[in-house]
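Please look over the structure below.

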Amino acid sequence: MANKKQRIDSNTAAVEVMRKAAAELMPPAHVELWECDMPFWHNIISEKAKSEWTPGDLEIAALLARALARLTEEENIMRGEESVITTKGGNLAANPRVRIIADCHARALKYRQTLGIHSRGRDGEKRDTDKRRAIAKEIEANNPLDDGLLARPN
């Protein structure tokens, strides 16, 4: 019989969440990240509660951080290049970097899906997201902080 997952509203679960929240999540030693990957790592890790990350998730998160850093690097290089280039023979061809960027983008999306941090995994079904978004927009439209009578949070 499979182990039943601990209820999050129990005292035992609360203690476990607090224990894991005190620790800093670091990339696994066997998935090397460079300094330029670390901003992506921190953003990815913040997508879920620390108590939800498994060792396998951390591996995928490190790979995602590398993929996003590579994607950003390739896009920055592409800014100085054309999408269509002239070959040595004088023919027009697609810049190979366009394909590299598309591959990096696809890899990043797959990693996000694997981790469940894509929009549907994080926010639920579109109909539910649309309802929450409509309520939030209504609250924003009728925001009591806009009348200048209440102090605004900093």
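What follows is a short report on selected local features.

The model is predicted.

**Cysteines**

The structure contains zero disulfides.

| Residue | Relative accessibility | Class |
|---|---|---|
| C36 | 46% | partly exposed |
| C104 | 2% | buried |

C104 is classed as buried because its relative accessibility is 2%, and the cut-off for that class is under 20%. C36, at 46%, counts as partly exposed.

**D37**

D37 sits in the loop between helix 1 (11-21) and helix 2 (38-45). D37 is buried, yet has no salt bridge. The nearest side chain of opposite charge belongs to R66, 5.6 Å away. A polar atom of the D37 side chain does lie 2.8 Å from the backbone nitrogen of W34. Leaving aside residues up to four places away in sequence, D37 touches A65, R66 and A69.

**Helix 2**

Which residues of helix 2 are buried? They are M38, W41, I44 and I45. These residues lie on the same side of helix 2, because they cover an arc of only 120° around the axis. In general, an α-helix has 3.6 residues a turn, so residues three or four places apart point the same way. The cover over the buried residues of helix 2 includes helix 3 (55-78) and helix 4 (96-115).

Notes. Residues numbered from 1 in each chain as written. Predicted model: local features only at pLDDT ≥ 70, side-chain atom pairs only at ≥ 80, totals over all residues. Heavy atoms only, no water. Disulfide = S-S within 2.5 Å. Buried < 20%, exposed > 50% of the residue type's maximum accessible area, 1.4 Å probe, protein only. Helix = DSSP H or I, 4+ residues; strand = E, 2+ residues; numbered from the N terminus. Lys, Arg positive; Asp, Glu negative; His and termini not counted. Salt bridge = Lys/Arg side-chain N within 4 Å of Asp/Glu carboxyl O. Polar contact = N/O pair within 3.5 Å; in protein donor to acceptor, adjacent residues only side chain to side chain. Contact = heavy atoms within 4.5 Å. Arc of directions from axis to C-beta.
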